[in-house]
Amino acid sequence: MRDMRILAFGLTFLLCACASAPSENKQNDTPEISSSENDDFLSLEISSDTLIIKEHLTLLTKTDLPRNHENIRQLDSTAAYIYRHFSEFADTTYYQIFHVGEKVYRNVICSFGTDHNQQVIVGAHYDVCGNQEGADDNASGIVGLLELARLLDNQPLSKQVDLVAYTLEEPPYFRTDAMGSYVHAESLKNSNADVAGMVCLEMIGYYSDASNSQEYPDPRMADVYGTSGDFISIINRDKPDNFNDQFYTNFVDAKRIKTERISAPESVAGVDFSDHLNYWKFGYSALMITDTAFYRNHNYHNNSDTMETLDLKRMSRVIESVCYALLQM
């Protein structure tokens, strides 16, 4: 995930709106419950496996070289791993190959429900910033895609769901046309694809129940969201958007994990610090699911961002909630 420190100004902008409507935000404070307490969820037979999550995280992060833009062979190896897993479950799986100068990079794409015209995109980036394992940023998001592929197999869908693993989200390519997500979003626009919306999985693995484990750019935000980093956040633009509203409602209805929603205008800096920004550029609805990055996880963009620091159970609940939301679209 791109360095989010500019987000301080953006989130501070939201304080007045948040503080003026605390009851609305508290309604979003969804308690976690077990599958046995939610018959609707249980009937869908959705269960993300923490042992599988751990295996994926190991193979993605414990590599000979970091998954950065310079180590193309390692990126290709990671892409091949994602491709093999996607192809076990999806209707179709393919690489989207593109060039940056003389270098070749690739997105990995798979599709479910290909008999439908309208698409929902769920994406995450597999590259890292610098020389680190990048467990939360963003192997956690890629594991989300890998588990979604398994969970979506043979499930009834009313829309086509494309899972897209991007490369080149991190610097030095962030906010350039070389981002894998820019390449993909542009290809959808050029083909006149019917896209209902896009969901970005960006750092979904780090949580803490301890007081004062969640930081904010302004301490008054703790009055709204609390001081514990025990929630997942859904971030979208502050404008009427049926896709974002429906997805959020479905996600919360899964009753799997405490969830907070932040809606912000496009002018607020920071809310676009991941791959969803490129879908906004091409006029598509898009949202980001995130654990709030460095405001909680101080391992962000450091060598200490390892899989041992992640909460696999809560990761699994986020993945299950995404799957539930997609099946209700």
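Which residues does Phe-251 touch, not counting residues up to four places away in sequence? The legends below answer this and describe other views.

**View 1. The whole predicted model.** This is a predicted model, in which local features need pLDDT of at least 70, side-chain atom pairs count only at pLDDT 80 or more, and totals for chains, interfaces and linings use all residues. Residues are numbered from 1 along each chain as its sequence is written, and side-chain values use heavy atoms, with hydrogens and water left out. The protein has twelve helices and eight strands (DSSP runs, H or I of at least four residues for helices and E of at least two for strands, numbered from the N terminus). Of its 329 residues, 62% are buried (under 20% relative accessible area, 1.4 Å probe, protein chains only).

**View 2. Phe-251 and the largest nonpolar core.** Phe-251 touches Ile-232, Ile-234, Ile-257, Thr-259, Ile-289, Val-318, Ser-321, Val-322 and Ala-325 (contact means heavy atoms within 4.5 Å). The largest nonpolar core has 70 residues, and Leu-163, Phe-247, Phe-251 and Ile-289 have the most contacts inside it. A nonpolar core is a set of buried Ala, Val, Leu, Ile, Met, Phe, Trp, Tyr and Cys residues joined through side-chain atoms within 4.5 Å. Another core, of 31 residues, lies apart from it and includes Trp-280 and Phe-282.

**View 3. Helices α7 and α12.** Helix α7 (residues 135-152) packs against helix α12 (residues 312-327) at an angle of about 50°, with the axes 10 Å apart. Axes are lines fitted to C-alpha atoms over the stretch in contact, and angles run from 0 to 180 degrees between N-to-C directions. Among the residues making the contact are Val-143 and Leu-148 of α7 and Ile-319 and Val-322 of α12.

Technical notes: Buried < 20%, exposed > 50% of the residue type's maximum accessible area, 1.4 Å probe, protein only.
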